Each structure stands twice: as structure tokens, then as C-alpha cells.
Amino acid sequence: MEKKYTYPFLILIALLIIFFFVNISLGSVSIPTVEIFKGLFGKIDNESWQYIIQNYRLPKAFTAILVGSGLGISGLLMQTLFRNPLAGPFVLGISSGASLGVALVILGSGFFGGVLTSLLMSKWSIVIAASLGSFLVLLAVMIVSSRVRDTMAILVIGLMFGSITSAVVSVLSYFSSAEQLQQYVFWGFGSLGNLSWYELFIFFLIYLIGILMATVSIKGLNTLLLGENYAKSLGLNLKQIRLVIIIATSLLAGTITAFAGPIAFIGLAIPHMTRQIFYTSNHKTLLPAVFLLGAIVMLICDSIAQLPGSDYTLPINAITSLVGAPVVIWLLVRKRKMFFRKRI
């Protein structure tokens, strides 16, 4: 991390702490700010407030941090690998694979009966199905990409696998009941507030592996910015670094989709927002910056979704789309090239 960016990082850390407290202060149940602090650092007399803070709002806030930072870093990895400012964490078909896995459980549950259907509709079965779906699509992409030298071909292959899985989901939807379709649509809205501490711990372990792999790839990512041919001349093993980046993205994006549903636009928009604050292409700076900004934006989106002062909660996907879509439009409208900086 470059010394000249110390102050921006300190500001981002301060904003992260502020919006973390704002996030846990909001909800359908009004809890005084003093009681919120007591609930964090001790025990309050009102047991229901204590339960809400400890078992709902805190896990939800930490989930928002993991989701926002994970998707932001995934997007950064994909944009650098494919040298495409519109590449996101789901370009490899990971989200489509997870959606297919969930569709087979929810929309295909009608083909099973009794106890088996109730087992298939359990929460963990949906998480496992989403994970397996994203993993199988990743495996297929990696097998095909091992025979392809061109990085852009991998991007096209990922998009095609995504189209295939979407087609299968459409067929399943056609033969499903209205109730099953409603359950699947609700999953597609995304949710940050359904994880227990145990589920959050499992989520964090897989997330941590993806973050570590992304961190190990920093030198390779910086080298890729110079072009694949130049990277080869510097001794970079393109197949190896490409594999590490794809696996890291898949672990992050696949796990997030499995536990929180498909969250749109965050992975695409956050890297670009970060580059407007940190005028650099050095991933030693960009990676932690994307982590912080992604977490902050996700906390803000979740706070807005709470509709302060209301008993209603908006789908988190709707809010992230409202934030991310204008950024993408701005990128397309903007004339001058702003993706890769001349210096590292």
C-alpha cells in the first residue's frame, strides 16, 4: 500500500465503522442508540432487544461486509484477468450454476414426495445445491479453458455455460407450480439476514480462502496489466495465475451466491468506484481499497433496504441494482478510457 493513500484508507476505515453501527441501529424494532452500544459490549436488561442485536442484526451486518468486499474483489480479479471494464464476478457462469442448483431443489421438489421434499427444501440443502451448481459450472469452464490459450475465449465460454444453465432453469420454471416459482423468485431477490452465527462461520472460512488466494495473486495481477505477451517474457506462468484467479473468484462469488443469493452490480461497480478514489492500478492498493469500499457500499445498501421508520424491508438486489446500474451506464457513456492507468 502506497503511503500517499494513508488518509483515504483511514477515511474508509472510519466510514466502515460508522456505517456498521448505523446498520445495526436500523430495523423494524426501534432500539435506542445507548442500548445498541450496551448490547454490543455487554448485556442489556431487555432480553428481546439483546436477542435481536446478537442473533439478527450483528450477523446481518457482518454478512453485508463479507458479501460487499467479496464481490468487489471478485469483480476486480475478473476485470484485470480479462482486461475488460465490464467484466464482473459472475461472467464465468458461477451465478448461473448456483441458480441452476437452487432451481433443481426448489422447482424440482415437486417431482419428489413427502419427507424427501421437506429435506430438499431445507436451508442447508439450498446452500449445498448452489455450491455444487457453481462448482460444476466452474469445473466445466476450467476443463474447457485448459485447452484454450486465449483468455478472452474463457470469457465467452463462461457466458455460454451461463446461457445453458439459464435455459435449463427456464424449462424447470415452465413445469413448476406458482408456489415453487414464488420461492425461487424470493431466493433470487437475495438476503443478508438469514444466517446464523454457525452458518456465518462456515461462510467466513470459505471466504477467507478466496481472499488469501486473491492476495497471493497480487504480483501476477499487476504483471497481467502489462499484457499477456509481456507477462510471459517476465516469466509469469499464465496458466497457473489464471487458474488461481478463477478459483479465488469462484470461491468468493460462489459462496456468496450460495449463502446470500445472487447480488447484482456490486462486483461490477465497486472496482470502478475505487479507481476514482485511488488513482492507481497497483493491486497492493486496489485490493484492500476494494475490500473496504465494497463493505461500506453493501452496508449502506442494506441500511436503505431496511426502509428506516417502516416495517417493510426491500429486496437487497433491488437496492444494489439502483446503486450499481448508474455506475455501469456512466462507464458506457463516458468517452475517455479510464480502466487501465498508465502507471502501476
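**Helix packing**

User: Which hand is the crossing where H1 passes H3?
Analyst: H1 goes past H3 with a right-handed crossing (near helix turned clockwise from the far one; anticlockwise by less than a right angle is left-handed). Helices here are DSSP runs of H or I, at least four residues, numbered from the N terminus. The model is predicted, so local features need pLDDT of at least 70 and side-chain atom pairs pLDDT 80 or more, while totals for chains, interfaces and linings use all residues. Residues are numbered from 1 along each chain, and side-chain values use heavy atoms, without hydrogens and water.

User: What's the angle between H1 and H3?
Analyst: About 140°, with the axes of H1 (residues 6-25) and H3 (residues 47-82) 9 Å apart. Axes are fitted to C-alpha atoms over the stretch in contact, and angles run from 0 to 180 degrees between N-to-C directions.

User: Which residues of H1 make the contact?
Analyst: Leu-16, Phe-20, Asn-23, Ile-24 and Ser-25, against H3 residues including Leu-58, Phe-62 and Ile-65 (contact is heavy atoms within 4.5 Å).

User: OK, switching to H12. Which hand is its crossing with H3?
Analyst: Left-handed. H12 covers residues 238-260, and its axis comes within 9 Å of that of H3, crossing at roughly 150°.

User: Which residues meet there, between H3 and H12?
Analyst: From H3, Leu-66, Val-67, Gly-70 and Leu-71 are among them. From H12, the residues include Ile-245, Ala-248, Leu-252 and Ile-256.

Notes. Helix = DSSP H or I, 4+ residues; strand = E, 2+ residues; numbered from the N terminus.
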